[in-house]
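Please open the model in your viewer and keep the selection panel at hand. The stops below go from side chains to backbone angles and then to the chain as a whole.

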Amino acid sequence: SCGNMLENNIHEKCESNFTIRHGGFNTIRNNMFIGSGGIRVFGDGNAITGNYHQNNDNSDFPPLALCKGSIETDPCFSSDGKLSGKKHDNTYDEYVVAKNNLIEGNTYENCEGTCVVWGKKNKPEHTRIPKWNKFRKNTLIADDNDSRLLKFDETEVSDNEFEDNQLYGEKAKSGDI
């Protein structure tokens with residue numbers, strides 16, 4: 001599914017995620033996540049901006065997970081990132097690596113543990129690492145819970161950009177950034 005907009009939603013105490021798995025070029029912005037649940041990203045060209053995550057304490061559903069994939073390119077897209085007209089047919093078990101995504105202006109407040117897991121691996125065949133993503137101007141506020149902004153989950157981080165991220169509070173830690 002491509003070109004979808006998920007905005008201005010409240011996601012409260014749900015043990016689930018907004019998940020981009022097949023497709024790309026989706027926008028998830030200005031949503032509020034209170035308690036467990038968050039955003040899980042595979043695929044190409046998505047924008048995750050202006051979301052607010054508060055009091056997430058569930059390591060299975062962290063506020064944000066940029067995932068490793070089993071394939072490099074979605075068969076529904078041509079090499080220039082446009083829809084190719086092909087259908088997925090029997091590729092529903094494939095996961096495209098997270099790439100060319102913008103993660104900007106999100107706030108993580110008093111989330112316990114790790115807020116952003118970079119290179120999360122869901123299955124053994126997920127070996128392709130996130131690349132060409134931009135992670136910038138995100139904010140971690142941690143006064144109540146020990147909180148780490150970013151964890152690289154057994155992955156390399158070359159070919160990604162990390163800029164202007166901010167930490168506030170005595171219990172805020174940058175993590176692997």
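A polar contact here is a pair of N or O atoms within 3.5 Å; within protein, one must be able to donate a hydrogen and the other to accept it, and residues adjacent in sequence count only if both atoms are side-chain atoms. This is a predicted model, in which local features need pLDDT of at least 70 and side-chain atom pairs count only at pLDDT 80 or more, while totals for chains, interfaces and linings use all residues. Residues are numbered from 1 along each chain as its sequence is written, and side-chain values use heavy atoms, with hydrogens and water left out.

Begin by selecting Asn-160 together with Pro-130 and Trp-132. A polar atom of the Asn-160 side chain lies 3.4 Å from the backbone nitrogen of Trp-132, and the side chain of Asn-160 also reaches the backbone oxygen of Pro-130 at 3.1 Å. Asn-160 sits in the loop between E15 and strand E16 (161-163), where strands (E, at least two residues) are DSSP runs numbered from the N terminus, as are helices (H or I, at least four). With a relative accessible area of 12%, Asn-160 is buried; buried means under 20% relative accessible area, exposed over 50%, and partly exposed in between (1.4 Å probe, protein chains only).

Next, select Leu-149, which lies in strand E15 (residues 147-152) and is buried at a relative accessible area of 1%. Leaving aside neighbours within four places in sequence, Leu-149 is in contact (heavy atoms within 4.5 Å) with residues including Tyr-108, Phe-135, Leu-140 and Leu-167.

Now turn to backbone angles. Most residues other than glycine have a negative phi. Asn-100, however, has a positive phi near 55 degrees, in the loop between strand E9 (64-67) and strand E10 (102-104), and is partly exposed at 36% relative accessibility. Asp-164 likewise has a positive phi, near 55 degrees, and is found in the loop between E16 and strand E17 (166-168), where Asp-164 is exposed with a relative accessible area of 52%.

Finally, show the whole protein chain, which has zero helices and 18 strands. The C-alpha atoms fill a box of roughly 50 × 30 × 30 Å along the principal axes, and buried residues make up 45% of the 177 residues. Among contacts with a separation of 6 or more, 68% join residues 24 or more positions apart.
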